[in-house]
Amino acid sequence: MKTGMLCLLIAVLCLVSLSYVGQTQALEEFIHVDIEPYSNTKLVGHQWWTLDAGDNTYSLLPIGEIGEFEGPDKKVKFKIIDGGIVLFGTNATRWPKAVNDIIVGGTAKAIYFFHATGWEANGVTSYKFVMNYRGGISEELEMISGFNSDDWCHEENPLPDENSVWGWKAKEKPACNHAGLITTKWVNPHPNTEIATIDAISLETGAVPIITAITLGEASL
């Protein structure tokens with residue numbers, strides 16, 4: 001009888017151990033947030049800040065592919081679409097002041113944003129991301145021109161923020177005949193709580209934000 005109980009206890013402990021290992025292995029290095037349903041601009045054959053016909057440097061991105069780009073701590077994979085999310089700025093007032101409820105539906109240790117602005121508001125918070133968790137709490141990431149954000153044509157300027165780096169640069173097409181995108185890492189203070197959605201909100205300065213991709217790091221859906 002005692003031997004049977006001991007065997008049963010060992011079996012239960014093994015199942016718990018296997019379950020824990022399975023949960024650990026379920027974390028993926030990168031999971032891509034689908035921003036296509038919220039995209040309001042085009043990168044190919046258009047000026048992304050006006051949608052007028054024309055060309056711009058972002059058309060050189062690996063459109064339709066998952067590309068690997070520089071990050072502040074390691075290479076980061078972003079899913080690139082022919083588009084992005086553009087927010088209101090006083091230099092381009094046609095765009096929405098907020099794009100809310102970008103669906104995430106998962107946990108993550110970090111979030112990587114691939115972004116820049118047209119124009120800038122140097123030293124000023126010009127837009128922000130709000131992470132909305134299941135259960136009602138939220139956290140914010142402020143984007144400040146010249147710190148963790150910048151004009152897309154200022155890709156030679158260093159970024160003081162240790163969590164931001166110019167992730168992609170090109171110098172072959174207008175406008176500016178050079179441009180870049182910034183990779184910013186946000187460390188999640190609640191890595192075990194599901195992030196339901198993300199809001200991208202303009203603070204209505206001269207800077208016109210563009211977000212071309214969002215990736216979850218060490219994440220699970």
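User: Which residue lies over the face of phenylalanine 88?

Analyst: Lysine 97, at 5.1 Å from the ring centre. A charge sits over a ring if NZ of Lys or CZ of Arg is within 6 Å of the ring centre and within 35 degrees of the ring normal. Arginine 94 also lies over a ring face, that of tryptophan 95, at 4.8 Å from the centre.

User: What's the source here?

Analyst: It's a predicted model, where local features need pLDDT of at least 70, side-chain atom pairs count only at pLDDT 80 or more, and totals for chains, interfaces and linings use all residues. Residues are numbered from 1 along each chain as its sequence is written, and side-chain values use heavy atoms, leaving out hydrogens and water.

User: How many aromatic pairs turn up in the whole structure?

Analyst: The search finds 12. Rings of Phe, Tyr and Trp (its six-membered ring) pair if their centres lie within 6.5 Å; planes under 30 degrees apart count as stacked, over 60 as edge-to-face and the rest as tilted. Tryptophan 48 and tyrosine 58 are stacked because their planes are at 20 degrees, with centres 6.2 Å apart.

User: Is tryptophan 48 buried or exposed?

Analyst: Buried, at 0% relative accessible area; tyrosine 58 is buried at 0% too. Buried means under 20%, exposed over 50%, partly exposed in between (1.4 Å probe, protein chains only).

User: New topic: what's the phi of aspartate 101?

Analyst: Near 60 degrees, a positive value in a residue other than glycine. Aspartate 101 is partly exposed at 48% relative accessible area.
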